[in-house]
Amino acid sequence: MRTQAPALIPIFRSALQARLLLRVLTDDEPRTITNLARVLGAPEPTVYREVRRLMDADLVTGTRVGRSVVVRPADENPATGPLRQLLVVTYGPVPFLERALSDVEGIAEAYVYGSWAARWHGEVGPAPGDVDVLIVGTPDREAVYDALDGVDSALGREVNVTFVSPERWASGEETFLAALRDRPLVRLTLGHENGAAA
């Protein structure tokens, strides 16, 4: 199946390739192809083919451990550092925000919205100037701001946070929230999504 070049940065053959590279180049621990497929929500054979292409280009390495292939950055390649930086400022918000917010209690759901989410979904337009985050739940706001401290520097973009209660989000009656629902959203997977919504 042929896929379009991603609107966030159209130099990659697909959004999956860019997201896969971002995960491999920025995650703290190496991942298996099976784990990458789960995290990226993509079929394992497709992820395997992308990893093979990236290995052929000497951007990642793959080591067989039992029946799994463990994928790591090819750090000896001089292109790896600049490529990592480029991916962080374009595709970085989702994994960086997920890592930052995962331990914050009281978040029921979290989304990226606005121009960055629109580019993520393929809408062509100017590069996003900031990253807008919607927090649904009742977390301590200072805990959220503390968790996000430094993320804007890493991403090279300001991170703006909007808080909304689960009741307001569910009602959909407010004009601003109804407009958000009609535009592209990127849901953050926080692992716990605990607290306010049962």
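Me: What is the volume of the largest pocket?
Reply: About 360 Å³. This is a predicted model; local features need pLDDT of at least 70, side-chain atom pairs count only at pLDDT 80 or more, and totals for chains, interfaces and linings use all residues. Residues are numbered from 1 along each chain as its sequence is written, and side-chain values use heavy atoms, without hydrogens and water.

Me: What makes a space a pocket?
Reply: On a 1 Å grid over the protein atoms alone, a pocket is an open set of points with protein on both sides within 12 Å along at least five of seven lines. Lining residues have an atom within 4 Å of a point. Here 20 residues line the largest pocket, and the closest to its centre are Arg23, Val39, Val94, Glu98 and Thr189. Helix 5 (93–101) gives the most to the lining, with four residues. Helices are DSSP runs of H or I, at least four residues, and strands are runs of E, at least two, numbered from the N terminus.

Me: Which residues of helix 2 are buried?
Reply: Ile33, Leu36, Ala37 and Leu40. Buried means under 20% relative accessible area with a 1.4 Å probe, protein chains only.

Me: Why are they said to be on the same side of helix 2?
Reply: The arc is taken from the directions from the helix axis to the C-beta atoms. These residues cover an arc of only 100 degrees, so they are on the same side of helix 2. They pack against helix 1, strand 1, helix 3 and strand 3 (contact: heavy atoms within 4.5 Å). Just after helix 2, Gly41 takes a positive phi of about 65 degrees.

Methods: 1 Å grid on protein atoms, 1.4 Å probe; cavity = no way out; pocket = protein on both sides within 12 Å on 5 of 7 lines; lining within 4 Å. Points joined across faces, edges and corners; volume = space filled by probe spheres on them. Buried < 20%, exposed > 50% of the residue type's maximum accessible area, 1.4 Å probe, protein only.
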